Amino acid sequence: MQLDDQILDEFLIEAEEIFDQLDIDFVKLESSPEDKALIGNIFRAVHTLKGSSGFFGFERIEKVAHASESLLSKLRDGTYLIDVSITNALLQSIDCLRGIVTQIQTARAEPTGDDTALVESLLAMAERGSGAVPTPATPVATPTVSEQEAATEALVEAAAAILTAPAVTEPATPPATPAAAVATVSNSVREGELLSAEFEAQKEATERQNEFSAPIKVNVDLLDNLMNLVSEMVLARNRLMSFAKTSGDLNFLNTVRSIDVITMGLQERMMMTRMQPIKNIWSKFPRLVRDVAQETGKLVQLVQIGADTELDRTLLESIRDPMTHIIRNSIDHGIELPEIRHQKGKLPTGTITLNAFHEKGMIVVELGDDGAGVNVPMVSQKAVQMGLVTQERVDRLSDREIIDFIYLPGFSTKEQVTSLSGRGVGMDVVRTNVQEIGGTVEIVTSDAGTKIRLRIPLTLAIMPAVFVRCGNQQFAIPQSNVVEMVRHHAEAGKPGVEDFYGVPVLRLRDRLIPLLYLNHELGIQPLRDDPTAPLNIVLVQAAGILFGLVAEEILFMQEIVVKSVGPLMKGTPIYSGTTILGDGRVSLIFDISGIAIRSGLISKLMENEFQSTISQEAAQLSDETDAFLLFDLHGLEHVAIPLAFVTRLESFNVKDIYQRGTHDVVMYDDQIMQLIWLDDLVDGGSRDGLYADRQLSVIVYYVEDKPVGFVVRKIFDIFHTSADVTISGPVQKGISGSAIVSGKVVSFLNVPEILALNQLVKNNAPKVLDHSMNESYGVVLSKS
Amino acid sequence: MSANKVYSTFHVADFYFGILTMAGVEVSNQFEVTPAPLGPPEVAGFINLRGQIVTAIDMHVRLGMQPRHGNQGKIALFFKEKDAIFCLLVDEANPILELDESSFEQPPSNLPERARDIISGVYKLPNQLLLILETHKIVSGISLKQR
């Protein structure tokens, strides 16, 4: 009973392998229909399948395989040349067989079903060729060949039956139908022998090729167990190493050293057993591309580069679906119909390029097509239609930001749901799957094509991590999340940690980085509470945002073995796992996106439209630009102030404002700071009631060592634009002009003028003012 | 003939408890707990038991008392539950007892509220009561509460 099960399992695995190989071979055959060796391979594979299923008595498989074989034999002896309809019919039969085998896997018996139509169409094709028109091969020759074959087969059958019958009847227990049992078994044996007779020469050749690396099958569980043991070994080694440091015994040290070397070698090779070449899943794609291309009426060729690139088996599994999805998308949305491609001056056949390679300790998989690219206007239109964003907002978004919409669940630009795409479960699933394994997705698109880049860690089980201290505990941050580490000294004259709508932010190279204090988030008392101590910040990226984790100390980096965090922490999503340190203590590994979500940082940033501008700004950062801070006033949106006039960003409560004469002032750093309500500058603008009971956003600038605060409605972020922005003439006081920056009309603040208006600078206007500004400045002065 | 059952016994505060001794119950006082901030209060943290990560449960909290402090909870009782290893942090480990099931009784009603759902019954020993805890309920109660 158990033996039977085992044999059946072997059959199922074998069948699975055959199907995978057949998929590849058929697609290859289409491009080189004359390849006799290839047809031979296919024929042999189908034959093997038929033989083994006969042994188990799987009649459906046998019938379908037999019919395909009949058609294949005609191809093999050159009666017909393969064409699309023959390939389709054969692929259909393979799919049918695959379906049956899948069901056998669970049911352990062949499911019932009727394949007569398929079998008949296959046989008809074998009889008459793909169409009604037979190929020029002589119709007389055909029967002769099959007659001969039949004769040979009969002979071999007889011989085989005689040879094997006694051996098989012995263990065969059911006495009721010994004849039937023998018949079935001998049948399969006969075919096996026939097969080997026919292809002996070829087989030998291939076997000799494979001899040097004959692979064996090992149970996955066993490998996993071994992997665990090796992980333990690594940890034990770490402990031994720290012990050895304190010992002076040379013999002991030498022994430890050799254990170290052996462990490293062991770990390395163990990792290799988990590694599989990416071609293991790419091998399914030629068939996929062919099918989808045919369904959509497009011509597509698939190019695979770096198919031998290896990555962890589990990771490989989890990117299989995303890759399938992207390829479907590329063909369905990206690559144009041949006529359109011709009009555009492209080759009629589109190309999908898969490229896998190592980069910075990660695996990069690029899936590129030379199609039409992402239709940005259509995406934005759809986004507005779905109510994701307003028309005004979408007009202001960059292409990059608009493309980000395709990651949203339920988003699809397809008008109609087809079997291929349009259900809107595409890119969000891709991104979720890839992010789950610590990877990232990037899209680059133009009308020359789209390239989607997946960056995937090499392995999940062992990874590098940065250790930080919080209180007297050590925590690990996965290095894949870490962007950089910053030690921030609070210094006079340098902006420190500022408050941005309740989020502490750090200005780092003109970027605003929101900060999270680990002590605060975890509720751990710091060992020393010193507000003047430098901040140790680990810049991390997760859940689409960049933020800084403030730790008490950044300790070291180490390769860690990731272990489960246990079943009781399901409600605490801030830990992704645990690990054991060299000294035997347990350390927790942070789930960075979990921390970001739990802290409410993400929702706070969303509210303030902060995050998109950060990424946009990062993309635009360049040396030859001037930096401006973008903010809104009541009644005037998108006002920019040169960053040279910004010292700090502050927030004050309305209650803290005092009246001093005609000025509003606040206490600031032991000084009195005059507030300038920029809203007053706007024609018809009024601040009455607008700021009641609210926090004020204030831009602080020092004039002759005295702070001045510009009160604005809302601060967005810093943006960069080239210095020679065309500034049109001043439209109102306080504004030097306006320009179009990233598709938005931005008004530029004339700070010297404003300062002069408030009698904060002497009447001789600063040199920065150009002629036209001087003019307007003069007019205003005479007015006041 | 009624069956005898074997219990590992221990003290938490003034209570005398026992859990069924099955394969792999292990007692240790040499361990270091790594706390898990923001985790459930009952989870004292994690312990490395020969390379395996063990979730340590503070029995004081689990029984509705103040968290362990000072000399409390210095003994760990390890056990396996559904493929994961847990341990109970208790105050004192006591001998293993083999008891006749016939003296097993329903739990008394004067137990703290939180203790009642994890106690399956009580043995009346000559000079004290032995409360029998169900390990799977100790564990599942914590994960259920989080939902």
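In the predicted model described here, F285(A), L288(A), V289(A), V292(A), A293(A) and T296(A) of helix α11(A) meet T324(A), I327(A), R328(A), I331(A) and D332(A) of α12(A); a contact here means that the C-beta atoms of two residues, placed from the backbone, lie within 7 Å. By class, this contact has seven nonpolar, two polar and two charged residues, where Ala, Val, Leu, Ile, Met, Phe, Trp, Tyr, Cys and Pro count as nonpolar, Asp, Glu, Lys and Arg as charged, and the others, Gly among them, as polar. Helix α11 spans residues 285–296 of chain A and α12 residues 313–334 of chain A; their axes come within 10 Å and cross at roughly 30 degrees. Axes are lines fitted to C-alpha atoms, for helices over the stretch in contact, with angles running from 0 to 180 degrees between N-to-C directions. The two helices, α11(A) and α12(A), are therefore roughly parallel to each other (under 35 degrees is roughly parallel, over 145 roughly antiparallel, 65 to 115 roughly perpendicular, and the rest oblique). Their crossing is right-handed, that is, the near helix is turned clockwise from the far one by less than a right angle, anticlockwise being left-handed.

A word on bookkeeping: residues are numbered from 1 along each chain as its sequence is written, and chains are lettered from A and ligands numbered from 1 in the order in which they are written. As this is a predicted model, local features need pLDDT of at least 70 and side-chain atom pairs count only at pLDDT 80 or more, while totals for chains, interfaces and linings use all residues.

Another helix pair in chain A is α3 (residues 59–76) with α5 (residues 116–128), packed at an angle of about 15 degrees with axes 8 Å apart. So α3(A) and α5(A) are roughly parallel to each other too, and α3(A) passes α5(A) in a left-handed crossing. From α3(A), the contact takes in K63(A), V64(A), A67(A), S68(A), S70(A), L71(A) and K74(A); from α5(A) come L118(A), V119(A), L122(A), L123(A), M125(A) and A126(A). Nine of the residues in this contact are nonpolar, two polar and two charged.

Turning to strands, five of them in chain A form an open sheet in the order β16-β8-β9-β18-β17, with mixed pairing; strands pair if DSSP finds at least two bridges between them. At the edges sit β16 (553–561) and β17 (575–580) of chain A, each pairing on one side only. Neighbouring strands of this sheet are turned by 35 degrees against each other on average, direction ignored. Strand β8 (residues 462–470) of chain A runs antiparallel to β16(A) over eight bridges, and V468(A) has I554(A) in β16(A) as its bridge partner.

Overall, chain A has 23 helices and 29 strands, taken as DSSP runs (helices H or I, at least four residues; strands E, at least two) numbered from the N terminus. Of its 784 residues, 31% count as buried, meaning that 20 or more other C-beta atoms lie within 10 Å of the residue's own; 12 or fewer is exposed, in between is partly exposed, and C-beta atoms are placed from the backbone. Among contacts in chain A between residues at least 6 apart in sequence, 65% join residues at least 24 apart.

Chain B has three helices and eleven strands, and 35% of its 147 residues are buried.

Where the chains meet, 24 residues of chain A are in contact with 19 residues of chain B. On the chain A side, α8 (220–245), β17 and β18 (586–590) each supply at least two residues.
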